[in-house]
Every structure is written in structure tokens, then in C-alpha cells.
Amino acid sequence: MVIVMEQGAEPGQIEAVIEAVQKEGFTPFVNPGVERKVIAVLGVIDSVKVALVDRFSNLPGVERVQLISEAYKLSSRSYHPEDTLIEVGGVRIGGPEVVIIAGPCSVESRSQILEAAEAVKAAGAKMLRGGAFKPRTSPYSFQGLGEPGLKLLAEAREATGLPVVTEVLDPHDISLVVKYADVLQVGARNMQNYALLQRLGKTSKPVLLKRGPGCRLREMLQAAEYIMIGGNHRIILCERGITTFEDATRNTTDINAIPVLKHWSHLPVILDPSHSTGHVRYVSAIACAGVAAGADGLIVEVHPNPAEALSDGVQSLTPERFQQMMQVVKRVSWAVGREVAAK
Ligand code: PEP
Ligand code: MN
């Protein structure tokens, strides 16, 4: 249920509604929207409690009370009609700018991450990506450098000023990763790791939530809900391709996901054209498609020497190819009324 307050409702009226909601045993969440306050009432609304709709509707300052039938609430547009803007180290995601996050799949060495960071910055990227804890399909593949990798990311941030995005694989690693990262990535394989999501709800860093390869968009928003219910509302949703019968590409980019998620949710939505295609040949085209479809950003794998990459080399752009991609992405961004900081 959401309680939509009248525009200009007084603080005392909002307080009285919150108290009434708590008295009924529900947890109220007040959206931070400035236009109009909306109070989400979380908990099971059964056939008895549904009578509360009328009671709450009659409280002073209340414009209307609406039952939300969707299984996600805090991430829904009904609760928060305006787009959510997430600010990280001076970068704003969810506004007019299409924010480009780029860097290698994995942090491999000091020179590799520093070189990658400088190169992506020079082409206009606003954030650096790089994995220190890697979710690999084979246990025999490179698993990431762990904490030394996080330290190298922090060094690359120092050198370039780019905020860093890195994956946290295990709930036990959260306290370590938050010390170094600016944005915590939940990988596709962990989208429904509810223990991890719940713990991330208690952190204050933004979360980049990737879509599970076999997950529906509704399930993705319910995953976001697990984080939001803990109090962390700074979530960036990321489409990264889904598993279909088509095997010409590593995954199938679900372009539809972008406008659908933007319609259902107020959270920023970005696209990962690297994992969604799995091959450098297709990354730029799909990056453009994502921007044309309304993505608020892109996360792209770039490696100084893809042939020697320890993970995902086939889909990693060289700095030169990344720069070329930025040029076309810039033109598409303009065409759809957005900006991108391509150099
Ligand atoms: C990655 O970003 O390198 C990664 C492992 O992505 P995904 O979780 O989408 O497979
Ligand atoms: Mn990767």
C-alpha cells in the first residue's frame, strides 16, 4: 500500500500518518521525493487490513491511498514517481548524462589497472570498473587478486579521480570491499543471493545490481527490494544479457528490459554490452542500441592488451576501440536528447 500525501502536506500531518501506520504493525518508508511525499506501507495487507485503506484515506493531508499489487514496492514508480539520481564521487547516474563505466574484467596487475584507468578516462569514462573477486564458471579459472586487487583499484582512483565499481561475491567480504569501492557490484550469478542482498541493504554505498541470466525483470526488482528494505535505496539496475536458445552470442541482450525497467521503476538502468554480447565485434552496436533505448549508462570491458587478459579478453575492447565506441555513443546520445562526456 502507498499513501500519497497532498502537495504541501504539513510535517505534522505526515508524522500523524506515520504513527497511524506503525500502530497497525506496519513499517512505513517515506520517499525522499521533494515534489510530494509518498509513504510506503510494507507488510502483508490481508482481507482484514484492507479496511485500513479507507481509514488512512481520511487522515488529514492524505490525497489518496493505493494498493500496490506488484511484489516490489520501494523500487516502483508508484512509491517514487520521479527518477532517482545517484551521486557517486561527483558523478550523477539517472540524470541527463549517459554515464560510462569502463575498465578491465579483472584487476590483474598494477600496470594493467593503471593503464586501463588512464585510457578509459582519456576517452571520457566517468567511472572505473575492475573485479578483484571474480565469479568464474570454472573453479580452475583465475579467481581475482582479492584484497591486493582492491588496493590497486584504490590506487587507480587516486591517480585518475575515477570512482571505482567492483564486485562483492560473498556477504563475508562486504566489510572489506566497502573500504575500497565506491559502488558495490552484485554479479548476475548472485542476483538472487538473498543473504548478500540483505547485507548490502545495511551498507551506505550504492549497489550495481546485475540481472541474473535466467531471471525475469519482476524478479530483478524484487531483488532490489531486498536491498532497499534494509535502508539502502541507492541501486543501479544493470541489464547484462540473458540465456536464450541463441548461441551466436554469449548472451542475448534484452533491449526491452531498459524501457520496461524505466517504466516500472524509478531506479537508474544501465547496460553491459560486453557480457550481453560476449564479443568485441558487437559491443559498440549494442552499446548504441542501449543508449537509444534510454539507458542511463553503460558498463564496458576495456583492457590494454585483451589478447593477454586473464578473463573475458574476447569481449574486451582495446583503448582505441573504446574511444571509437565513445564517438558513436556520443552521437546516439545527442540524437536521443542525452549527453555523454566523450573526448
Ligand atoms: C563482470 O562484470 O565481470 C561479470 C562477471 O559480470 P556478470 O556478473 O554480469 O557475468
Ligand atoms: Mn567480465
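Let me start with a question: in which sense do β8 and strand β9 pair, and over how many bridges? The sense is parallel, and there are two bridges between β8 and β9, residues 164-167. One pair to look at is arginine 129, which stands opposite valine 165 in β9. Before going further, please keep in mind that this is a predicted model.

Four strands make an open sheet here, in the order β2-β3-β1-β4, with antiparallel pairing. The edges are β2, at 27-30, and β4, at 62-66. Each edge strand has a single partner, so one side of each has no neighbour in the sheet. On average, neighbouring strands of this sheet are turned by 20° against each other, direction ignored.

β2 pairs with strand β3, residues 38-42, in the antiparallel sense, over four bridges. Threonine 27 has leucine 42 in β3 as its bridge partner. What lies across these strands? Helix α1, residues 11-23, lies across β1, β2, β3 and β4. Its angle to β1 is about 165°.

On to the barrel. Eight strands close up in the order β7-β8-β9-β10-β11-β12-β13-β14, and the pairing is parallel. In this sheet, neighbouring strands are turned by 25° against each other on average, again ignoring direction.

Take β7, residues 99-103. Is this strand enclosed or open? Five of its five residues are buried, so β7 is largely enclosed by the rest of the structure.

Who are the partners of β7? On one hand, β14 runs parallel to β7, and five bridges join the two. Within that pairing, isoleucine 100 has leucine 298 as its bridge partner in β14. On the other hand, β7 pairs with strand β8, residues 127-129, also in the parallel sense, over two bridges. There, isoleucine 101 is partnered with methionine 127 in β8.

Stay with β8 for a moment. Helix α4, residues 147-160, lies across β8 and β9 and runs at about 165° to β9. In the loop between β8 and α4 you find glycine 146. Buried or exposed? Glycine 146 has a relative accessible area of 10%, so it counts as buried, the cut-off being under 20%. Leaving out residues up to four places away in sequence, glycine 146 touches Ala132 and Phe133. Along the chain, glycine 146 and valine 177 are 31 residues apart, with their C-alpha atoms separated by 9.3 Å.

Now the metal. Which residues coordinate the manganese ion, ligand 2? They are Cys105 through SG, His275 through NE2, Glu301 through OE and Asp312 through OD, at 2.0 to 2.4 Å. The spacing of these donor residues in sequence is C-x169-H-x25-E-x10-D. Histidine 275 is in helix α9, residues 273-277, while glutamate 301 is in strand β14, residues 297-301. That pair links distant parts of the chain, 26 residues apart. Histidine 275 and glutamate 301 are both buried.

Last stop, the packing. The largest nonpolar core has 76 residues. Which members touch the most others? Leu237, Phe322 and Met325 do. Helix α7, residues 217-228, gives the most to this core, namely seven residues. Domain 1 and domain 2 both give residues, so the core lies between them.

Look at methionine 325 within it. Setting aside neighbours within four places in sequence, methionine 325 is in contact with Val283, Ser284, Ala287, Leu298, Val300 and Leu317. There is also a second, separate core, of 17 residues, with Met1, Ile14, Ala20 and Val53 among them.

Methods:
Residues numbered from 1 in each chain as written. Chains lettered and ligands numbered in written order. Predicted model: local features only at pLDDT ≥ 70, side-chain atom pairs only at ≥ 80, totals over all residues. Heavy atoms only, no water. Pairing = 2+ DSSP bridges. Axes fitted to C-alpha atoms, helices over the stretch in contact; angles between N-to-C directions. Contact = heavy atoms within 4.5 Å. Donors = N, O, S within 2.8 Å, 3.2 Å for Na, K, Ca; no water. Buried < 20%, exposed > 50% of the residue type's maximum accessible area, 1.4 Å probe, protein only. Core = buried A, V, L, I, M, F, W, Y, C linked by side-chain atoms within 4.5 Å. Domains from an automatic or database assignment.
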